[in-house]
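Here is a quick tour of a protein chain, written for someone who would rather look at the model than at a table of coordinates. Have the viewer open as you read.

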Amino acid sequence: MGNTAADRAGSEANPAVPGGNRRAGRFRIASKRRIAWFPGMPPTPSRSRSRPPFFTAVRSGRRLLAALLVAVAGGTAAAARDGRPNIVVILSDDQGYADIGSNPHHRPEVATPHLDALAREGVRFTQGYISGPVCSPTRAGLMLGRYQQRVGVYTAGDGGRGFDPGIPIFPAMLPADYASIAIGKWHLGLDDDYPALRWHPISRGFKESYNFMGRGGHDYFRSTGVKGRDDESAPLYRGRERTGFQGYLTTRFSEEAVAFIGRHRAEPFFLYLAYNAVHAPAQAPPADLDRIRREHPGLGEARVILMAMLHHLDLGVGAVVAKLKAEGVWGNTLLFYLTDNGGPRGMAADNTPLRGHKASLYEGGIRTPFLVSWPARFPGGRTIDTPVLSLDLLPTALDAIGAAPPAGTVFDGRSLLPLLTGATTRHHDRLHWSSGGLNGEWAVREGDWKLHALRDQRELINLAEDPAEARNLAAEHPEKVRALTALHEAWLEPMAEPITGGSKRWGAAGGGDSQRAKDRAAKKASRKQERTPGKQPSPAAPPP
């Protein structure tokens with residue numbers, strides 16, 4: 001499926017990206033060795049050459065003039081929107097807790113210079129949680145500002161099918177003059193009802209989109225799903241129009257984000273950039289794979305591919321930040337960066353020092369990289385250890401804008417601004433998670449205490465003393481187990497039953513002990529086996 005005229009226009013809207021991404025790996029490598037030249041990125045010492053003083057002075061003068069013009073344009077844009085910030089949410093997919101350079105536990109092969117720069121300029125939350133252990137539930141909660149269980153989303157199957165399209169979500173709660181776009185992975189409803197598309201981002205309040213509906217993943221070189229079968233065709237959408245793409249998908253999404261910023265620099269905007277990287281299938285441009293093999297001899301192949309995918313994700317974040325700065329709107333942009341769940345074992349992700357992985361309610365499944373920046377409002381270069389939650393993003397954005405939620409909407413998330421501005425060090429009294437009756441897994445955290453339940457088993461952890469969740473204190477503190485169990489039951493009571501059927505409680509009629517639930521669990525295990533690296537399409541290169 002070829003690119004449409006609209007698709008070409010989108011990739012070429014920014015003249016600094018000549019021709020868009022016409023082939024994988026178009027942009028130069030960004031790492032500690034080389035720096036990529038995305039639009040707006042400043043030159044670096046590694047690119048400098050000796051020039052006569054006259055040429056150096058002329059070049060410097062031109063740069064100064066360009067900087068002044070950008071500042072004037074940025075100031076005009078900021079004045080036009082009365083100080084209301086742009087909102088940027090960048091959501092990575094399946095990134096490990098330690099697969100980012102700003103985490104001191106990262107391995108030597110992890111190179112994320114642009115994410116690390118964002119962490120230095122912004123605020124890094126060391127206990128940043130998401131509301132679900134897999135892709136779709138987290139996305140539902142982020143868009144609602146409420147626990148996704150309130151609308152019946154407990155699993156990827158629930159959220160992937162889509163909840164009530166009449167319920168307002170993030171973009172529909174912003175002022176009408178905000179431009180908005182959803183780029184990348186949607187995973188909040190299928191397109192089985194095409195062309196009606198009731199669950200499409202455009203139907204949910206976004207004004208523009210360049211996305212795939214799909215299930216969890218998408219091929220990075222062609223318009224197919226994870227398994228690459230014809231019956232899993234996964235077209236991209238520009239608005240409601242189906243289209244294809246050329247090049248490497250992560251880079252295409254980055255280019256679309258940069259172009260959107262350029263188009264809307266003079267008005268307030270909401271950019272939702274939901275990468276499918278570094279979700280399966282394990283695929284990356286061959287040149288990057290070769291480079292990483294050379295730089296890290298002996299590194300396992302699964303890890304090599306993951307690092308190449310992470311490299312392109314990091315490039316994209318750098319391109320977005322550089323464009324915001326080049327357009328003079330960086331200072332008044334509230335930017336969030338986080339991941340939808342913990343890293344999966346099947347992709348060789350690293351969640352050190354946490355226990356667990358994607359699909360688990362141990363810390364490794366629900367604690368992720370979590371960065372926030374708004375230079376005009378609060379200082380960066382800080383680390384905050386207070387637990388925060390992905391449900392906090394929408395309330396924070398509305399607080400920053402000065403907008404109120406729709407009548408009758410009560411958020412479970414809370415604005416992060418009091419934390420970020422230093423007005424308080426407290427935030428949530430307790431946090432809850434539940435995967436519903438099918439899996440029978442739930443957890444609740446109050447203070448430093450966390451109770452993890454898996455069917456009939458209970459583990460009580462003191463996270464302040466044991467962040468790796470290695471010691472079960474349930475037998476030593478039965479009263480705490482009872483108290484946290486009561487908190488969970490009180491929280492779960494008003495939640496809806498799962499969209500796909502069954503019960504929200506393990507052991508209830510139609511819940512995890514029903515034959516239907518067992519059949520679904522068996523199918524899920526089968527799909528998981530199919531997604532292992534050995535079952536993936538060839539990761540080293542695009543298909544012929």
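## A walk through the predicted model

Zoom out a bit and you'll find an open sheet of four strands, in the order β13-β14-β15-β16, with antiparallel pairing. Its edge strands are β13 (430–434) and β16 (457–462), each of which pairs on one side only. From one strand to the next, the twist averages 10 degrees. Across β13, β14 (441–446), β15 and β16 lies helix α13, made of residues 478–492, and this helix runs at about 70 degrees to β13.

**Strand β5 and its partners**

Is strand β5, residues 208–212, enclosed or open? Four of its five residues are buried, so the strand is largely enclosed by the rest of the structure. On the β4 side, strand β4 (residues 179–185) pairs with β5 in the parallel sense, and Ile-181 has Glu-208 of β5 as its bridge partner. Strand β6 (residues 236–238) runs antiparallel to β5, with Asn-211 standing opposite Tyr-237 in β6.

Here are the bridge counts for the strand pairs met so far:

| Strand pair | Direction | Bridges |
|---|---|---|
| β4 and β5 | parallel | five bridges |
| β5 and β6 | antiparallel | three bridges |

Now to helix packing. Two packed helices are described by the angle between their axes and the distance between the axes. For helix α3 (residues 113–121) and helix α8 (residues 301–326), the axes come within 7 Å and cross at roughly 50 degrees. That angle makes α3 oblique to α8. On the α3 side, the contact is made by Pro-113, His-114, Leu-115, Leu-118 and Glu-121. The α8 side brings Asp-314, Leu-315, Val-317, Gly-318 and Lys-325. Sorted by class, this contact of α3 with α8 has five nonpolar, two polar and three charged residues.

**A glycine in a loop**

Where does Gly-83 sit? You'll find Gly-83 in the loop between α2 (53–80) and β1 (86–92). Gly-83 is partly exposed, because its relative accessible area is 42%. Although Gly-83 and Asn-332 are 249 residues apart along the chain, their C-alpha atoms are separated by 7.4 Å.

**The chain as a whole**

Stepping back, the secondary structure comes to 14 helices and 16 strands. The chain has 544 residues, and 57% of them count as buried. Among contacts between residues at least 6 apart in sequence, 72% join residues at least 24 apart.

How confident is the predictor? The pLDDT averages 84 over the chain, and 77% of the residues score at least 70. Two stretches deserve a careful look. Over residues 1–80 the pLDDT stays under 50, and the model has 122 contacts beyond four places in sequence for them. Over residues 528–540 the pLDDT is also below 50, and this stretch has 25 contacts in the model beyond near neighbours in sequence.

Technical notes:
Residues numbered from 1 in each chain as written. Predicted model: local features only at pLDDT ≥ 70, side-chain atom pairs only at ≥ 80, totals over all residues. Heavy atoms only, no water. Pairing = 2+ DSSP bridges. Helix = DSSP H or I, 4+ residues; strand = E, 2+ residues; numbered from the N terminus. Axes fitted to C-alpha atoms, helices over the stretch in contact; angles between N-to-C directions. Contact = heavy atoms within 4.5 Å. Parallel < 35°, antiparallel > 145°, perpendicular 65-115°, else oblique. Nonpolar A, V, L, I, M, F, W, Y, C, P; charged D, E, K, R; others polar. pLDDT = per-residue confidence, 0-100. Buried < 20%, exposed > 50% of the residue type's maximum accessible area, 1.4 Å probe, protein only.
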